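The sequence and structure come first.

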Amino acid sequence: MLKYCLLTGASRGIGHATVKVLQAEGWRVLTVSRQSFSDECRWPMARESHIQADLADLAAIPALAAEVRSRLAGGQLAALVNNAGISPKGKGGGRLGVSQTGVDIWSQVLNVNLVSIALLVRELLPELTLAKGSIVNVTSIAGSRVHPFAGTAYAASKAGLAALTRELAHEFGPRGVRANAISPGEISTSIVSPGTDGLVQREVPLQRLGTAEEVARTIHFLCTDAAAYINGAEIHINGGQHA
Ligand code: NAD
């Protein structure tokens, strides 16, 4: 039986690295991004496995789930990795605090980073239950402490996603569906802000950025039987930044 993973936000960064790790471990990966298809995605079956969808459009989530269902030929949805996320910045890359955050930004960020995930899980629950699947949500260090570059709406969305992860674990554990989160710190991707180098020197005991592949390996671990009794956890991948 083929093991499928649905991974959102695959076109760059952590998502990109996660596709590569999962494929190398024998998974079929269906990807979702806003873009039609990125030529950067040069892995086997990349074009055929891609589904274009805007997660900010909550009304379109049932259609996305139907499309996923139609692509599970000969296999089961053994993992759902909710990685897509947005972190809007102010002028010059500045942090958007409460005073700078209007209703449009609040709804865009909460819809993409939080609400779409709850709705996608709800739609795909029959498939995840059948597979006794694993849900992995990508939160952030900004969800549990004030971060100098991440904004208010982003931080609140990621704190909400940590709470949603516990709720999913509680509600769907009895069906054999596990839900966990991984919380990256400063990872080397395009989302990283100018000034991160200084932050890393001051605050990260390991004195370097993390790599997308290091994050991807933890996501993969949570999708496997090696993590069979891990449910409702949030694993911090931040080089000791909390220490
Ligand atoms: P990235 O910006 O490189 O990639 C984000 C992905 O999400 C892209 O593939 C994009 O197409 C997709 N996406 C964004 N909005 C979407 C929408 N409306 N619909 C569908 N897809 C959408 O980001 P990254 O650095 O790889 O981050 C991945 C995840 O990790 C995010 O959830 C982010 O918040 C989290 N994170 C990253 C860091 C870091 O240092 N890079 C730190 C903490 C948390």
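A backbone N or O atom of Gly9 lies 3.4 Å from an oxygen atom of the ligand. This polar contact and two others are listed below; the term covers a pair of N or O atoms within 3.5 Å, and within protein one must be able to donate a hydrogen and the other to accept it, while residues adjacent in sequence count only if both atoms are side-chain atoms.

| Residue | Protein atom | Distance to a ligand oxygen atom |
|---|---|---|
| Gly9 | backbone N or O | 3.4 Å |
| Tyr154 | side-chain N or O | 2.5 Å |
| Ile187 | backbone N or O | 3.0 Å |

Taken alone, the ligand exposes 830 Å², and the protein buries 97% of that (Shrake-Rupley method, 1.4 Å probe). Helix H1 (13-24) and helix H4 (152-172) are the elements that give two or more residues to the shell around the ligand; helices are DSSP runs of H or I with at least four residues, numbered from the N terminus.

The model is predicted: local features need pLDDT of at least 70, side-chain atom pairs count only at pLDDT 80 or more, and totals for chains, interfaces and linings use all residues. Residues are numbered from 1 along each chain as its sequence is written, and side-chain values use heavy atoms, with hydrogens and water left out.

Around the ligand are 31 residues, of which Ser11, Arg12, Asn83, Tyr154 and Thr189 come nearest (near means a heavy atom within 4 Å).

H4 also packs with helix H3 (residues 103-131), at an angle of about 15 degrees and with the axes 8 Å apart; axes are lines fitted to C-alpha atoms over the stretch in contact, and angles run from 0 to 180 degrees between N-to-C directions. H3 is therefore roughly parallel to H4 (under 35 degrees).

Methods
Parallel < 35°, antiparallel > 145°, perpendicular 65-115°, else oblique.
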